[in-house]
Every structure is written in structure tokens, then in C-alpha cells.
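Welcome! Have a look at the chain below, and then we will go through it topic by topic.

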Amino acid sequence: MKTFIFVYAVLFFQPLAFGKEAPASKLVTIDVRSDSEFAESHLEGARHMDINSAGFRELAKKMDKSASYQLYCKSGGRSARAAQVLKEMGFEKVENLGGIKEASQKSGIKCVPKACP
């Protein structure tokens, strides 16, 4: 059972680039909008970290600082603030893609489960 939990944890957290398992070349897309905005539509494969949640910094502390991150929100304001927070925490490879539509265009990643709002 312990082996199963360990394997599950490694597989679950690796795509988030948390811990030392994530390769340095990993590009992680993060949606920093609210839970309801993320549920409505988000970039396919994006991870969700609400910049306005109390746990944002705690989650960020667990992220791999050698990975690359691209952030987006609704219009670019929250993602700019989140990028600044990450940079202040020592992350060097952080890009603000702006709003969700702009992020989709820049990254070439489509929105799911429906079109970008």
C-alpha cells in the first residue's frame, strides 16, 4: 500500500513540477484565476493556483525553481501579480501570458472544456 501511495504521489506531482523529480526543461502553465473561472474554461493541461487564495505561496514553495512557468488569468493583472510573487520567491523562468484568450494564442494551447471566454 505504501508503494502505491508513493507511486501515485510521484505521478500526481510530477506534472506540476513540484519537488526534485521534475526536469529543469519542464514548462508548466498555471491559471491563477478563481475556482469558478477555472472550472468554466482553462487552457488544456494548465494547473490551477488561485493567486487570491491563502495557500498560493505555500503551493509555490513546493514548486521546482528550475522549471519554466507561464501564467495567465482573465485579463493579465492577476497573472502579473502572481509572476511578481514567484520572482520575489526566487523563480527565474516566469512569463506572464496575460489574459486567457491571449495566453491561448501565444501558447497555441486550446481552452477546455469550452472555448476561451
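A search of the whole structure, which is a predicted model, finds one aromatic pair. Rings of Phe, Tyr and Trp (its six-membered ring) count as a pair if their centres lie within 6.5 Å; planes under 30 degrees apart are called stacked, over 60 edge-to-face, and the rest tilted. Here the rings of Y69 and F91 have centres 5.7 Å apart and planes at 85 degrees, so the pair is edge-to-face.

**How to read the values**

- Residues are numbered from 1 along each chain as its sequence is written, and side-chain values use heavy atoms, with hydrogens and water left out.
- Because the model is predicted, local features need pLDDT of at least 70 and side-chain atom pairs count only at pLDDT 80 or more, while totals for chains, interfaces and linings use all residues.

**Around the aromatic pair**

- The pair links distant parts of the chain: Y69 is in strand β4 (residues 68–73), F91 is in the loop between α4 (77–88) and β5 (94–99), and 22 residues separate them.
- Helices (H or I, at least four residues) and strands (E, at least two) are DSSP runs, numbered from the N terminus.
- Y69 and F91 are both buried; buried means under 20% relative accessible area, exposed means over 50%, and partly exposed is in between (1.4 Å probe, protein chains only).
- The charged end of K65 sits over the ring of F91, 5.7 Å from the ring centre. For this label, NZ of Lys or CZ of Arg must be within 6 Å of the ring centre and within 35 degrees of the ring normal.

**The overall plan**

- The chain has five helices and six strands, and along the sequence they follow the pattern α-β-α-β-β-α-β-α-β-α-β.
- Of the 117 residues in the chain, 39% are buried.
- Among contacts with a separation of 6 or more, 64% are between residues 24 or more positions apart; a contact means heavy atoms within 4.5 Å.

**The nonpolar cores**

- In soluble globular proteins, nonpolar side chains tend to be buried together.
- A nonpolar core is a set of buried Ala, Val, Leu, Ile, Met, Phe, Trp, Tyr and Cys residues joined through side-chain atoms within 4.5 Å.
- Which residues have the most contacts inside the largest core? They are I30, F56, M63 and L86, in a core of 19 residues.
- β1, α3 (56–61), β4 and α4 each supply at least two residues of this core, and α4 gives the most, with four.
- Apart from this core lies another, of seven residues, including A46, Y72, L97 and C111.

- D31 lies in strand β1 (residues 27–31) and counts as buried because its relative accessibility is 0%.
- The side chain of D31 makes a polar contact with the side chain of Y72 (2.9 Å). A polar contact is a pair of N or O atoms within 3.5 Å; within protein, one must be able to donate a hydrogen and the other to accept it, and residues adjacent in sequence count only if both atoms are side-chain atoms.
- Leaving aside neighbours within four places in sequence, D31 is in contact with residues including F38, R47 and Y72.
- E37 is in helix α2 (residues 35–40) and, at 18% relative accessibility, also counts as buried.
- Not counting residues up to four places away in sequence, E37 touches K74 and R78.

**Helix α5 and what follows**

- Helix α5 (residues 100–107) has the buried residues I100, A103 and S104.
- These residues cover an arc of only 100 degrees around the axis, which puts them on the same side of α5; the arc is that of the directions from the helix axis to the C-beta atoms.
- The buried residues of α5 pack against β2 (42–43), β4, β5 and β6 (111–112).
- Most residues other than glycine have a negative phi, and most peptide bonds are trans.
- Just after α5, G108 takes a positive phi of about 75 degrees.
- A cis peptide bond joins V112 and P113, with omega about -5 degrees; P113 is in the segment after β6.

- A60 is in helix α3 and is buried, with a relative accessible area of 0%.
- Leaving aside neighbours within four places in sequence, A60 is in contact with M49, L86, M89 and F91.
- G76, in the loop between β4 and α4, is buried with a relative accessible area of 12%.
- From C-alpha to C-alpha, G76 and A103 are 9.2 Å apart in space, and they are 27 residues apart in sequence.
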